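Open the structure in a viewer and keep the selection tool at hand. The stops below go along the chain.

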Amino acid sequence: MKTCIKDPVPAVFAARDNLAAAVDAHLAGDPDKARRRFRAADTLAVFFWLNPCWYDVEKNVVDAAPAGDSCVVPKEQRDRDRGIAAAVRTEVLARDGYRCRYCGLPVIDATIRKIAHALYPDAVPWDSRDLRRQHAGFAALWLQYDHVVPHSHGGRSNAENVVIACGLCNFGKHGYTLRQLGLSDPRLRLPEPTEWDGLQRLRHGFSKQSREAARRNREAPG
Ligand SMILES: [Zn+2]
């Protein structure tokens, strides 16, 4: 049994370090350094670590029909709300911290990526329709709320069944069960405390002044 679909590689940790350095440079008033470090976190090595696990999810399956596994349940028996309520998200994040419960990667929520994109659109590209035009570092470390037992298999949208996951672990799981993927249940391991703040300091530093800088950056050529 594995704990995750694919072990993180050094390039992903390098992306984490570059993203943290970019945020710190921005908060220290050094936009040129921030832009360089954001760019350094967007590498082909990270892109090819994520893919094809991310877009070709069938390749992640190790046993399509394990004996005694859970089954897809009729729609009327599923949790009516596949979305995860804000109160559940708050509870899950407080329990797990900014750390994937499968592979242990530090994670960053989409709000931080959106702020970084608004501030440095050239260095933090994001096109939701095209994986190749998404910043690889932010994609890899994208905070997700994952249904451990898939919603389609009757998994509930509550804190008992939802854990923090990274982009690869969540999208790579898709609608498959842990047993189909050959994964152990992350809920059987205690969440590990982490010092990583999910780069939330950028949110706190995204002042009116920063928004003004973002507007100027957007208007600047190339
Ligand atoms: Zn993960």
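This tour of a predicted model visits a helix pair and then some backbone features in loops.

**The helix pair**

Select residues 10–27, helix H1, and residues 31–40, helix H2; their axes come within 8 Å and cross at roughly 165 degrees. Angles over 145 degrees count as roughly antiparallel, so H1 is roughly antiparallel to H2. The crossing of H1 past H2 is left-handed.

Next, show the side chains at the contact. On H1, pick Asn18, Ala21, Ala22, Ala25 and His26. On H2, pick Pro31, Lys33, Ala34, Arg37, Phe38 and Ala40. Coloured by class, this contact has seven nonpolar, two polar and two charged residues.

Move to Pro52, in the loop between helix H3 (44–50) and helix H4 (86–96). Select Asn51 as well: the peptide bond from Asn51 to Pro52 is cis, with omega near 10 degrees.

**Positive phi values**

Most residues other than glycine have a negative phi, and most peptide bonds are trans. The next stops depart from the phi part of that pattern.

Select His174, in the loop between helix H7 (167–173) and helix H8 (178–181). His174 is not a glycine, yet its phi is positive, about 50 degrees. Is His174 buried or partly exposed? His174 counts as partly exposed, because it has 15 C-beta neighbours inside 10 Å.

End at Leu199, in the loop between H8 and helix H9 (200–204). Its phi is also positive, near 60 degrees. Leu199 has 25 other C-beta atoms within 10 Å and is therefore buried.

Key: Residues numbered from 1 in each chain as written. Predicted model: local features only at pLDDT ≥ 70, side-chain atom pairs only at ≥ 80, totals over all residues. Axes fitted to C-alpha atoms, helices over the stretch in contact; angles between N-to-C directions. Helix = DSSP H or I, 4+ residues; strand = E, 2+ residues; numbered from the N terminus. Parallel < 35°, antiparallel > 145°, perpendicular 65-115°, else oblique. Left-handed = near helix turned anticlockwise from the far one by under 90°. Contact = placed C-beta atoms within 7 Å. Nonpolar A, V, L, I, M, F, W, Y, C, P; charged D, E, K, R; others polar. Buried ≥ 20, exposed ≤ 12 C-beta atoms within 10 Å, placed from the backbone.
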